[in-house]
Structure formats: C-alpha cells, structure tokens
Amino acid sequence: MDALNRDDLIALLRRRASCCVSLHLPTHRSGAATSQGPIRLTNLLRRVERDLRDRGDRPSDVRALLGPGTELVADQAFWQHQGDGLAVYLAPGWSTTIRLPMVVEELVVVSDRPVVSPLLRMLDGDHPYYVLALSEQHARLLEATRWRISEVPVPGMPSGVADALRYDLPQREKQYHVADRGGTAARTIRHAHGVGAEVQKERLVRYLRSVADALWPTLRDEHAPLVLAGVDHIRAAFRTVCPYDHIVDSGVAGNPDRSSAAELHRLSWELVAPLLQRERDAALEAYGDALGSGLADTDPDSVTEAAGTGRVASLFVRDDTARFEPAVAGTLCHDGSVFAMPPAEVPGHADIAALYRY
C-alpha cells in the first residue's frame, strides 16, 4: 500500500487476529542508505521470532507468520521505492505493508490487532485538494494531500493551445495586391497580417474554456480547494471561464512546465495548509465553547465508551501512544474527526479529549 487514507485506517482498526505483528521502521527514499531498510526489518523479525518461540509458539507457525516479512527482506526492488517510513503488518493468512511519508521510530508489537497510532498523523492533512498546472503548451490536473500528489487523467482535456484549436482555420491570413512601380511587368505584393494581441488573447481564452469544460465532470460535485499553477495572466484568465467555486485565491506563479510534481506539491501545500488547518481550529474552538456543558470530556474511560456508541464528534489524542486506539477506532467508525497531537497541544493538557455530539 503506497498511501493510507481514512478508510484504510478504519479497516486496520477493525482487523483482529489470534496473533498480529506490527512492525514500524524508518526508511530512506534513495541513495546508499536504502540498504539499511532490509537490515532493520531483518533485526525486527528476529526479535519477533525470538519472542514468539519464547512464549511457546510452534516453529512452523512462526515461520509461516513471518514468511511475508522474510520475503520483503530479499525484495531489492521494494527497497528502492520507499518513503520516509514503513509499516509492516503480519497475521495468519494476511499481511500488508504501508509506505509512510513521515519518519517513524522502530516499533515491534505482538497483539491481537494492528497498532496504528504512529500512523494517525497521516490523517492530519489527508484532505484532498487539486492542482491545475496551466501553460500555453500543457495542462495537467493533479490530486494531492499533505503527504502525496499524483496526476489525474482527464478525458478530453487539451494539452495546450495548439491542441485545443487544432481544427481551426489558419490564423495567419494572407492578402495580396498588384502594384506597378515604374515597370511594364506587374509585381505581386504579399502582406502578412500577424496574429495580434487581441487574437492571441481570444485563442488563449478559448483554450482555457476547453480545459474548464473538460474538468467540469471531475470537479462538479467536489468541494476540495483547487490551486492554479501558471503565469499570472493565464491564472487570471482561467478564473473568468471556470465556474468552480473553490479556486484558492493565491496560486503558484511561474511556468509550471518547469516544475516537477514534487515541486508543485511543496508550493501548493504552502497555500492549502492554512485552509485545512481551519478544521482543527474550528474543532478546538467548539471544544472550548462546550466546556462546562457536559459535551467536553477528558476522562479516558468515558471518552472510549462514548466513541464506541458514536457520541464523539471530535477526538483530540496524543500522537505518541497506542493506549487510546479503541477510542480512535470508535470515533472514525462513526464518522467523527480524529486529531492526533503532540501531548502539549491536547486540550487541557490531557492525554485525550472529546467533543460530544450529544
């Protein structure tokens, strides 16, 4: 699994097994340091094998359980395509790996379910947004979150002005007249009328309208922010022809053809992050307003029970412990919001805090 979204996390939280191994380890994206990944995983697997045999598990069962992890160690191609961290989960008849966009500390846990608390940070900024990279030569739509970005195929979207207007009549028309300047033979004088500034602008607008029309089936029912990347006059012109209501006021300036997806990701996230932060800020404000009303609670047992019955609208939890995963699971499974925070940022400096729906 190359990414983890809310639904993936809920599926992990719901999974139970007689023996589930959770392994987290830091990895490297490129260079010689990628060779450390299989070494780290080998060491973690050996720790698990020793612990399972010490508690009396049969060697054949242990080998079967850890087999998918052992196969990963030998998969050289796998280690050449990593993020900043890796989660490996092993259970009888089931295993999965998740490439992580952030560094995690080494973790080894054997229990009856996957340990996911270190992954909760991935929900912070997991809200999708779009980047539309526009130039006169190319048009690309990318979907992104804080952690990832990928290009979205858009049927019928032109790749540039020439592509959009390829069926037009030639825009450079020629006119001729005959002149007789002191000679018996007539000469043909050809005047070429170049495409003027107004015609160029009109062609650009028609191209951008074609882009907007192609995008509309994708964006019509969306509410995600759309960041425009392009030179100023192209971004301004696109706003006049696109009916989408969620175009971000600021944009990524310059010719996007010169920028990689990673660079567009970095620049666009700087614009989108403050918008998405508002959800957390609004939840914290609502929690503060609910103090003393019975709808704000920091008692772990009460919060966990309420989460299981769907009462928790917003859950604020420390990001450094797996202790509160049942509350996290209950909240997410009932469409509540979970905010994993450094301990000092949890409301009231508590370990866990919840805003109840009722």
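User: Why is His349 called exposed?

Analyst: The relative accessible area of His349 is 64%. Exposed means over 50%, buried under 20%, and partly exposed in between, with a 1.4 Å probe and protein chains only; His349 is therefore exposed. The model is predicted: local features need pLDDT of at least 70, side-chain atom pairs count only at pLDDT 80 or more, and totals for chains, interfaces and linings use all residues. Residues are numbered from 1 along each chain as its sequence is written, and side-chain values use heavy atoms, with hydrogens and water left out.

User: What makes the backbone of His349 worth a remark, and where is His349 found?

Analyst: His349 has a positive phi of about 55° although it is not a glycine. Most residues other than glycine have a negative phi. His349 lies in the loop between β14 and β15 (352-356); strands are DSSP runs of E with at least two residues, helices are runs of H or I with at least four, and both are numbered from the N terminus.

User: How do you know whether Asp335 is buried or exposed?

Analyst: Its relative accessible area is 64%, so Asp335 is exposed. Asp335 sits in the loop between α10 (325-333) and β14 (337-341), and its phi, near 65°, is positive in a residue other than glycine.

User: Why is His24 called buried?

Analyst: His24 has 1% relative accessibility and therefore counts as buried. It belongs to strand β1 (residues 20-26). Leaving aside residues up to four places away in sequence, His24 touches several residues, among them Leu44, Tyr89, Val104 and Pro118, where contact means heavy atoms within 4.5 Å.

User: Which elements do the buried residues of α6 pack against?

Analyst: They pack against β5 (129-134), β6 (139-144), α5 (161-164), β10 (226-230) and α7 (232-241). The buried residues of α6 include Leu204, Tyr207, Val211 and Leu215.

User: How many disulfides are there?

Analyst: A disulfide is a pair of cysteine sulfur atoms within 2.5 Å, and by this rule the count is 0. Cys19 is in no disulfide, the nearest cysteine sulfur, that of Cys20, being 7.5 Å away.

User: Why do Cys19 and Cys242 count as buried?

Analyst: Cys19 has 7% relative accessibility and so counts as buried; Cys242, at 10%, therefore also counts as buried.
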